[in-house]
Every structure is written in C-alpha cells, then in structure tokens.
Amino acid sequence: MSSRFPARYVLPLVAALLVAAISFVPEPEPPVVAGGSQTVEVRQTTWACPVESGWTVAAGQVAPGDEAVARPIPEEAAADPVWARADRWRTAEPGGDALVLEQSGEGSGSVGYVAGRLKGDAVLAACPPVVDEAWFAGLGDRGRSDATITLVNLGENRAVADLSWWGANGPIQSLDTSGLVVEPGQRRQISVDDVAAGEGAVSAHVSRRRGSLTAIALDAGTGGADLLAPAPGPATEQVLAGLPEGDGTRLALANPGTSTAHVAVSVRGPGGAFAAEGLEDVSVEPESTRVVAVPGSVDLRRASLAITSDLPVVASASTETDDDVARVTPSAAIEGPAVVPVRLAGGAVRTVVTAKEAAVVEVESFSASMESLGTSRVSVGAGASALVPAPKDDAAYLVLTPQEGRRVMAGLWKSGGGRIAATAVRPAPVSVVAPGVSVR
C-alpha cells in the first residue's frame, strides 16, 4: 500500500522552506577596525636624586608646569621653596639624603640633574624616574670598594625590590638583597662590597617587585667616584655617548644570559665611525661580568662608543685621570626634546650628541626664567659625534630637538682640576605612545 503527498501542499511547503532559509542567512562579519596608536601628553612626572652635603640639584622642564611638589628624604629636611617654581629652571643644595620632585602639567617634561663633590671627586647624574628594572655594569672596578646602590621610594606605599649580581666568575648569590623593603619617604643603600667583597668588578640588576621605586649607583673608592644612572636593560645595540677626556678608558660588559656573548666596539668620533682596535670581538662568558681596557692608541677625544653584540648585554665605560673617574652609561634614543644644564655645581657642563644616521639637532638656549635666548643647529654626521657649542654666559639650560624625525643620543660631562664626571641624557618625558584598541 502506498500514499501520495497531496500536490496542493507542495507549493506552500516550498515557499515556507525558502522563507526559513532566507531568515537564517548569517549576517556578514563587521569589519575589524585597528585601533593603532596615539601620542598622549604626559601629565605628571616624578624623579629622585641622591644627595650628599654640598651637592647641587637642578630641576627644569620643556614647558612651564602647573605645580611642583618637593619631598626631601628624610622628611625632616626642609624643602626649599624654590622647588615649587614649576615655571623656571631652579638649582639649590637640598640637604638630606635624597630629593623627590613631583611635577604636574600637560607636556611639561620635568627633568632633574645632580652634581657635586664626594671627598674631592666630581659626581654627575641625571635623576631617574620610577623604574621597573635598573642595570649597573662594572661597579667596584679598580678597587673602588665604596660602591653603593641606592633605592629611593618615590610613592606613599611600601616598595619592594630584588637585586641580582654577576662577577667575573659568574653569578654571586645573595639572600640579603632579595625582597628589600623601602618604606615611604625613605631611601635604602646597599654596599657592593658587603655583597661581593674581593670579586672585582661586578654588575647588578634591580627588579622592582611593587611600589614606586627608583635606583641609582655610586661607584667610589680609590681613584675617584661618580654616579651611574640606571641602564634600562640588556641590549644588542647600545651607545655610550660623550666620553670625557682622560688618561684611559675601560669598558665593562655584563652578560646575564646563559650563552657566551660576542661584542664588537666601534668609536663614533667627530669625523665618523671606526672600529676600536683590539675590541672587534670581545667574548663575555654566560652570567658574568668582563672589563676590558680600550687601547691607548684609540682616539676617544669628543667621541662616543657604539656597542653591538649577538646576544643582549649591559655596557658601561669608565674614563680615568690620575685623580678621578667618570662613569658613562647607555644613552636612550632622543626623538623629541631633551633638557640639559649649561652649568652645575660651579662648573660648565658640556653636551655631546651622536647619531647612527646623519642628523641635525636644534639647540635652543634659555635663561633660568625660561626666556629663549636664541636657537642654533648642530649637524651630526652618520656614525659621528659632535660637541654642542657653549652658549652665552647667561644661559641656564639647553633644549635639544632632533629635526625631521631623526634619532640621536646624548651625553654630558664636566671636568676641571683633574676631576671629571659624566652622565647619559634621557629624553624629556613630554609624551608617550599609547596603544590603540581593536574594535568590531
């Protein structure tokens, strides 16, 4: 027995199925819109400087700020009213153990420097902001047994950091420098000799675990002293900008990795780049620090050192005279403005700029009241270094701005009476690049 579907129901059924099919056709995916990135002006900056008796701190900015608040450490040390002047370049001897300066103002770009004498030896450094990591290479070389690392709490809550160490023979174990606590409004000093007595030159890594913290090192002892601003981390390309003139230069290299690193050193002089004789292939064993002397035949006058390696390392240099030592650390790339002092702690400060590719740097000089005194330009050849001409006597600071999107690096040095000191220049924190958000 068979049955047949009535013909009169066929067409309505087909029509219903077509309507259902159409109603369930998926909508096309909306396009993905990439958020990209955007430049956002920095509204607040905080940095800190270590202080000893007689040391001078300078504070300035690219544009006038809205408000500046100084917090001396310890808090019993009275803050000079001059630090509240966010509309001028100011210098003073803060006293105490450290000075923390917090400045607000969109795109103000506050920076600080410290300079002075320690037992007759000259010191100079850029004042660091909050760091996630800080690296120091070659502390305690040549018997400088008074080397220290200073941790400063920049915030209102407890800060915690871990320190790791490497010597010529490998890692240096230290349980005493793990989980170091720095209370609000305090600083904490760690003696390198207490951790690595007899190890020679050592390198250190500061890792911020929590809180607002910065770090700066002092390399001091027989033969001189100088401050070291923190390096951001190991890299395969680094530049030590602006070596002061001295009687000899030594290069410290730290390799925190687990394989041997091979390092090549070239000199960026006024006439261009050339290989540093004898330093074309320097091997650095895993998890160790190595110090090598730059041959005296290498001309380092008004020069910088370019360090390239197959694996990331941390580099620093020391230039020595009969009476003192200057420590040079890696310089950050400068694409926007950078602020540098003209004089500090009674002496002139000179600026050296260097570039991988040919660049022109606009140099604008300002009085302490932030009045522009004139603009000039400094041309830097590819792979070369150039000394920025000394400005007029009444200039307090300079603003350096690379032109046409070029990137340069810069270093400062000061010398006099056989005493020398140096520091890297960091860009003024006027803006940051914020990542965009992808949306559908």
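About 30 Å³ of space lies inside the largest cavity of this predicted model. A cavity here is a set of points on a 1 Å grid over the protein atoms alone where a 1.4 Å probe fits but cannot get out, and a volume is the space filled by probe spheres set on the points, with grid points joined across faces, edges and corners. The structure holds 1 cavity of 30 Å³ or more. Lining residues, meaning those with an atom within 4 Å of a point, include Gly138, Asp141, Arg144, Arg250 and Arg327 for this cavity. Sorted by class, the lining has 4 nonpolar, 3 polar and 4 charged residues. For that sorting, Ala, Val, Leu, Ile, Met, Phe, Trp, Tyr, Cys and Pro go down as nonpolar, Asp, Glu, Lys and Arg as charged, and the others, Gly among them, as polar. Strand E19 (248–255) and strand E24 each supply at least two of the lining residues.

A word on the ground rules: this is a predicted model, where local features need pLDDT of at least 70 and side-chain atom pairs count only at pLDDT 80 or more, while totals for chains, interfaces and linings use all residues. Residues are numbered from 1 along each chain as its sequence is written, and side-chain values use heavy atoms, with hydrogens and water left out.

Next comes the largest pocket, with about 1000 Å³ of space. A pocket is an open set of points with protein on both sides within 12 Å along at least five of seven lines. Of the 44 residues that line the largest pocket, Pro232, Pro330, Ser331, Ala332 and Ala333 are the closest to its centre. Strands E18 (235–240), E20 (261–269), E24 (304–320) and E29 (350–355) are the elements giving two or more residues to this lining. The pocket lining splits into 26 nonpolar, 8 polar and 10 charged residues.

Stepping back to the whole chain, there are 2 helices and 36 strands. Both kinds of element are DSSP runs numbered from the N terminus, with helices (H or I) of at least four residues and strands (E) of at least two. The C-alpha atoms fill a box of roughly 120 × 50 × 50 Å along the principal axes. Of the 440 residues, 50% count as buried, where buried means under 20% relative accessible area, exposed means over 50%, and partly exposed is in between (1.4 Å probe, protein chains only).

Strands pair in a sheet through backbone hydrogen bonds, either parallel or antiparallel. Here, two strands are taken to pair if DSSP finds at least two bridges between them.

Strand E16 (residues 213–221) and E17 run antiparallel, joined by 5 bridges. Alanine 220 has alanine 225 of E17 as its bridge partner, and glycine 221 is partnered with glycine 224. The two strands form a hairpin with 2 residues between them, and glycine 223 in the turn has a positive phi of about 100°. E17 is largely enclosed by the rest of the structure, because 5 of its 5 residues are buried. Both of its faces are covered, with Gly224, Asp226 and Leu228 buried on one side and Ala225 and Leu227 on the other.

Most residues other than glycine have a negative phi, and most peptide bonds are trans. Isoleucine 73 and proline 74 are joined by a cis peptide bond, with omega about 0°; proline 74 sits in the loop between strands E4 (67–73) and E5 (90–92). At 33% relative accessibility, alanine 345 counts as partly exposed, whereas methionine 370, at 16%, counts as buried.
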